[in-house]
Amino acid sequence: MTISQLSKKNVQALTPYQSARRLGGNGDVWLNANEYPTSPNFNLLDRTFNRYPEAQPESVVNGYAAYAGVKPENVIVTRGGDESIELIIRAFCEANESVLYCPPTYGMYSVSAETCGIALKTVPLTADFQLNLAEIEANLAGVKVVFVCSPNNPTGTLVNRADLIQLLEMTKGKAIVVVDEAYIEFCPEATMVNELANFPHLAIVRTLSKAFALAGLRCGFTLANAELINVLQKVIAPYPLPVPVSDIAAQALQTQGLNEMKQRVAEVLDNRAWLVEELAKISSVEQIFASEANYVLVKFQDGEKVFNALWQQGIILRDQHKALGLQNCIRITIGTKSELERTIAAIKSVQ
Ligand SMILES: Cc1ncc(COP(=O)(O)O)c(C=O)c1O
């Protein structure tokens, strides 16, 4: 047998996550990964590299708890939000159980489940990108984890709070509901954090990759009640965070870091409003979906043509043509004003 044939059947069948980096491109305007367009500047304060790090660095856990308005016992820090997603699947799903998610949405729920050999159930979002609660309820048998992304990637829409509450009610005692709040800083009032007090099976995924401008750091979190956090503590790697990561994360969560994050959010929202205004003037644009995040989903008459034309010019966007119900749609990350100006000019010039 070849090495590939020796690998697990589910791994043989796996299509890896098509990350922006993996898809590549040769550009100088990168608007395909919902990153912040410029880097913050930090100095390393801790230069002790010969010792293993703290399993859960106190400065990061306490800093994030204070920022999120929860107790440290409600926080686990992970190697990006992606590790949080996988930990929850690994800790809660038996081999014969499944995860449920609602496409079009973030691709790692399915990739992580498939990697763990866990079956997938999908209940598509409605035409206005909301939960189809009746269908979810009808499909809950055997489901151990439900993933909901809000604001949703790639649509930018928030899931109705009342629907999330109803989902939490119908899954009580049966399944974990994960609300992925990777983009919550762009609409902080929508957070479900205050529902942690009511629902022991709610887990909220967060990250420093978006509004904190630290995608390269790989630092994320799960917020939940202590019992759920303690389950995740059992399965996480012994030293998930390298010393430089926790050093910088802790700095980003202090007052100055938080203020800078808020300034970034304000600037992104301004630039988003400008982009939407300009897109609305372009005749090849069919629809601009209202976004609560640092990206905008846009439907073109011919999405592929626009995507390829910009790709050729080194403006790398994210093609959503193959995502469920998103034919001719492109997701554009909010970059700097000048990057967006170039993008608008390039879209206008596509014949
Ligand atoms: C919805 C959503 N969740 C989670 C993540 C993972 O973020 P990270 O692993 O960088 O923290 C992303 C990244 O793009 C995302 O879009």
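The legends below describe close-up views of a predicted model. Local features need pLDDT of at least 70 and side-chain atom pairs count only at pLDDT 80 or more, while totals for chains, interfaces and linings use all residues. Residues are numbered from 1 along each chain as its sequence is written, and side-chain values use heavy atoms, with hydrogens and water left out.

**View A. Helix H5, residues 80–92.** Helices (H or I, at least four residues) and strands (E, at least two) are DSSP runs, numbered from the N terminus. The 13 residues of H5 reach 19 Å from first C-alpha to last, close to the 18 Å expected at 1.5 Å a residue; the expected span is 1.5 Å times one less than the number of residues. Buried residues of H5 include Gly80, Gly81, Glu83, Leu87 and Phe92 (buried: under 20% relative accessible area, with a 1.4 Å probe and protein chains only).

**View B. Serine 84 and its surroundings.** Serine 84 sits in helix H5 and counts as buried because its relative accessibility is 0%. Leaving aside residues up to four places away in sequence, serine 84 touches Thr78, Val205, Phe221 and Thr222 (contact: heavy atoms within 4.5 Å).

**View C. Strand S8, residues 220–224.** Of the 5 residues in S8, 5 are buried. Gly220, Thr222 and Ala224 lie on one side, Phe221 and Leu223 on the other. Strand S2 (residues 75–78) is joined to S8 by 4 bridges and runs antiparallel to S8; strands pair if DSSP finds at least two bridges between them. Strand S7 (residues 202–207) also pairs with S8 in the antiparallel sense, over 5 bridges. Threonine 222 is the bridge partner of isoleucine 76 and of valine 205.

**View D. The open sheet S9-S10-S13-S12.** The 4 strands pair in the antiparallel sense. Strands S9 (285–288) and S12 (318–319) stand at the edges with a single partner strand each, so one side of each has no neighbour in the sheet. Between S10 (residues 295–300) and S13 (residues 329–333) there are 5 bridges, with tyrosine 295 partnered by threonine 333. Helix H11 (residues 255–279) lies across S9, S10 and S13, at about 10 degrees to S10. Helix H12 (residues 303–312) lies across S10, S12 and S13, at about 40 degrees to S13. Axes are lines fitted to C-alpha atoms, for helices over the stretch in contact, and angles run from 0 to 180 degrees between N-to-C directions.

Notes:
Buried < 20%, exposed > 50% of the residue type's maximum accessible area, 1.4 Å probe, protein only.
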